[in-house]
Amino acid sequence: MESYKREFIEFMVDSDVLKFGDFTLKSGRKSPFFMNAGGYVTGTQLRRLGEYYARAIHDSYGLEFDVLFGPAYKGIPLAVAATMAIGELYGKDIRYCSNRKEVKDHGDTGILLGSKLKDGDRVVIIEDVTTSGKSIEETFPILKAQADVEIVGLMVSLNRMERGLTTQKGALEEIEAQYGFKTGAIVNMKEVTQYLYNRPYKGKVYIDDTIKAALDAYYGQYGAKEAV
């Protein structure tokens, strides 16, 4: 596992963004873990988060794209932070773009924040996590309605490795099959589990035998083919 992935797992734990216990997800599933990117609330956290995204995007897609698009609302700070980090780490000045939930009819009109989209733009979408792929169902038509853009790929921070909406494949694999663009994640839950299982970190074991058993049961019910 790359060093930045190990650092990112520790960063999620340190930031109290990745938690283990008993959680009810928006989908109604009972999950033994929860990841909330809204927990990154300081300038230092957002700077580091942007750097992890930038490295993962560079490793997955290179730098041959024009716009980083973050869907409202959580995707907005992600796109800003990662755009700045790409410029600082790789010297590539790309544009950021996000959408509003409602179309604005005065001043800076329209549905987009940040850069406008142009025909031929190559776009990478950035999100916190994709559980079912529903967010892409909303994002994809918004992008295509603005201009004739090419979607290069989607990058999330954590691949939960759960089944998607319609098949036994993971949500990210379903998105690839349906929309024809690549997907990636900074880390996936298999990597998180392997790294944290029975490993003391700052005096605490975050994935002990009890949590590991709960994870195994959860993925036995909801996991994709390559789940932990």
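**Note on backbone features and salt bridges**

1. Tyrosine 73 is located in the loop that runs between β3 (67-70) and α3 (75-90). In this predicted model, the peptide bond leading from alanine 72 to tyrosine 73 is cis, its omega being near -5°.

2. Asparagine 198 has a phi near 55°, a positive value in a residue other than glycine. Its place is the loop between α6 (189-196) and β9 (200-201), and asparagine 198 is partly exposed at a relative accessible area of 43%.

3. Lysine 202 likewise is not a glycine, yet has a positive phi of about 55°. Lysine 202 sits in the loop between β9 and β10 (204-205) and counts as exposed, with 65% relative accessibility.

4. The whole structure contains 11 salt bridges. One of them joins the side chains of lysine 202 and aspartate 14 (3.4 Å, N to O). Because aspartate 14 belongs to helix α1 (residues 3-14) and lysine 202 to the loop between β9 and β10, this pair ties together parts 188 residues apart in sequence. Aspartate 14 is partly exposed, at 40% relative accessible area.

5. A further salt bridge connects arginine 29 and glutamate 162 (2.4 Å, N to O). Arginine 29 lies in the loop between β1 (18-24) and β2 (30-35), and glutamate 162 in the loop between β7 (150-159) and α5 (171-179), 133 residues apart. Both residues are buried. A network of salt bridges links Arg29, Arg160 and Glu162.

6. Arginine 95 and aspartate 121 also form a salt bridge, with their closest N and O atoms 2.8 Å apart. Arginine 95 is partly exposed, at 25% relative accessible area, whereas aspartate 121 is buried, at 4%.

Note on methods: Residues are numbered from 1 along each chain as its sequence is written. This is a predicted model: local features need pLDDT of at least 70, side-chain atom pairs count only at pLDDT 80 or more; totals for chains, interfaces and linings use all residues. Side-chain values use heavy atoms; hydrogens and water are left out. Helices (H or I, at least four residues) and strands (E, at least two) are DSSP runs, numbered from the N terminus. Buried means under 20% relative accessible area, exposed over 50%, partly exposed in between (1.4 Å probe, protein chains only). A salt bridge is a side-chain nitrogen of Lys or Arg within 4 Å of a carboxyl oxygen of Asp or Glu.
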